[in-house]
Amino acid sequence: TMQEEEFKWLLQEEVHAVLKQLQDILKEASHRFALPASGSGGAIKQENFVLSTLGTDQVKGVLTLQGDALCQADINLKMPRNNQLLHFAFREDKQWKLQQIQDARNHVNQAIYLLMNRDVNYQFKTGSEVLKLMDAVMLQLSRARNRLTTPATLTLPEIASSGLTKMFTPALPPDILVNFYINLNKLCLTVYQLHVLQPSTTKNFKPAGGSILHNPGAMFEFGNQRYEVSHVHKVECVVPWLNDALVFFTVSLQLCQQLKDKISVFSSYWNYRPY
């Protein structure tokens with residue numbers, strides 16, 4: 001029947017056209033993660049971003065990003081207590097890997113690999129085979145996107161003991177904690193100022209749990225000392241290529257979904273046709 005012919009055409013021609021389109025978009029996305037293809041030996045360009053936030057100038061700085069590595073951070077912090085200006089920067093020999101970018105890139109590459117496994121000469125026999133492939137690709141793309149949209153929740157002791165605190169020169173004072181993370185298309189820096197809770201304090205000590213961003217008043221214990229967060233400064237910079245990558249994820253997920261819908265329409269026709 002015409003319906004059967006059409007379905008055969010869909011499986012043979014249109015599916016491969018969509019897979020090709022998906023591959024092209026995802027290759028663009030993986031280029032955005034600015035890492036040279038293995039063996040090409042190309043250096044990754046460094047990009048500088050100015051940190052800013054609305055309505056406060058307590059924290060200023062410039063971050064230098066090279067692919068998935070934060071290779072320089074130059075930060076000025078105005079202390080509210082005494083308006084003293086602190087300056088700290090990454091040590092020359094240090095860089096901080098942004099795990100979120102690394103993971104997102106790995107998921108994109110995983111999706112590309114799934115698509116390349118079904119090249120033009122591969123014949124899809126059934127609709128469910130295509131649906132399965134689309135689900136597998138969509139899973140990788142959703143994971144890639146979630147890595148960028150959902151930063152890790154950390155407890156304050158985890159932030160205090162993170163390798164990040166050892167990155168700076170001069171060393172961070174004991175009453176300052178910092179955390180970097182990606183949120184959507186932004187690279188964010190949070191600076192926590194702490195004060196020590198004296199053993200004699202009458203405050204009820206309740207240690208804070210894990211969070212992306214802790215609020216003033218959060219308490220924790222670290223190195224036999226109890227602290228409370230007194231000030232929180234969050235500054236961020238937009239990273240345009242992360243924005244591109246997120247758009248590519250959205251477009252790819254839509255393409256996958258459209259192909260699934262087409263296949264499902266045909267499949268339901270087969271299952272319900274009158275004999």
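Does Gln140 count as buried or exposed? Select Gln140: its relative accessibility is 12%, so it counts as buried (buried is under 20% relative accessible area, exposed over 50%, partly exposed in between, with a 1.4 Å probe and protein chains only). This is a predicted model, where local features need pLDDT of at least 70 and side-chain atom pairs count only at pLDDT 80 or more, while totals for chains, interfaces and linings use all residues. Residues are numbered from 1 along each chain as its sequence is written, and side-chain values use heavy atoms, with hydrogens and water left out.

Gln140 belongs to helix α3 (residues 127–149); helices (H or I, at least four residues) and strands (E, at least two) are DSSP runs numbered from the N terminus. Now show what Gln140 touches: His107, Gln110, Ala111 and Leu114, setting aside residues up to four places away in sequence. Contact here means heavy atoms within 4.5 Å.

**Next, the rings.** Select Tyr122 and Phe124. Their ring centres are 5.0 Å apart and their planes are at 75 degrees, so this pair is edge-to-face (Phe, Tyr and Trp rings, Trp by its six-membered ring, pair with centres within 6.5 Å; planes under 30 degrees apart are stacked, over 60 edge-to-face, the rest tilted). Phe124 is buried at 4%, and Tyr122 is partly exposed at 25%.

Then pick Phe88, Phe90, Phe168 and Phe180, a cluster linked by ring pairs.

**Stay on Phe180.** Beyond its neighbours within four places in sequence, Phe180 contacts residues including Leu63, Leu70, Ile75, Phe90 and Leu189. Phe180 is also among the residues touching the most other members of the largest nonpolar core, which has 66 residues. Such a core is a set of buried Ala, Val, Leu, Ile, Met, Phe, Trp, Tyr and Cys residues joined through side-chain atoms within 4.5 Å. Colour helix α5 (residues 240–272) too: the largest share of this core, 12 residues, comes from there.
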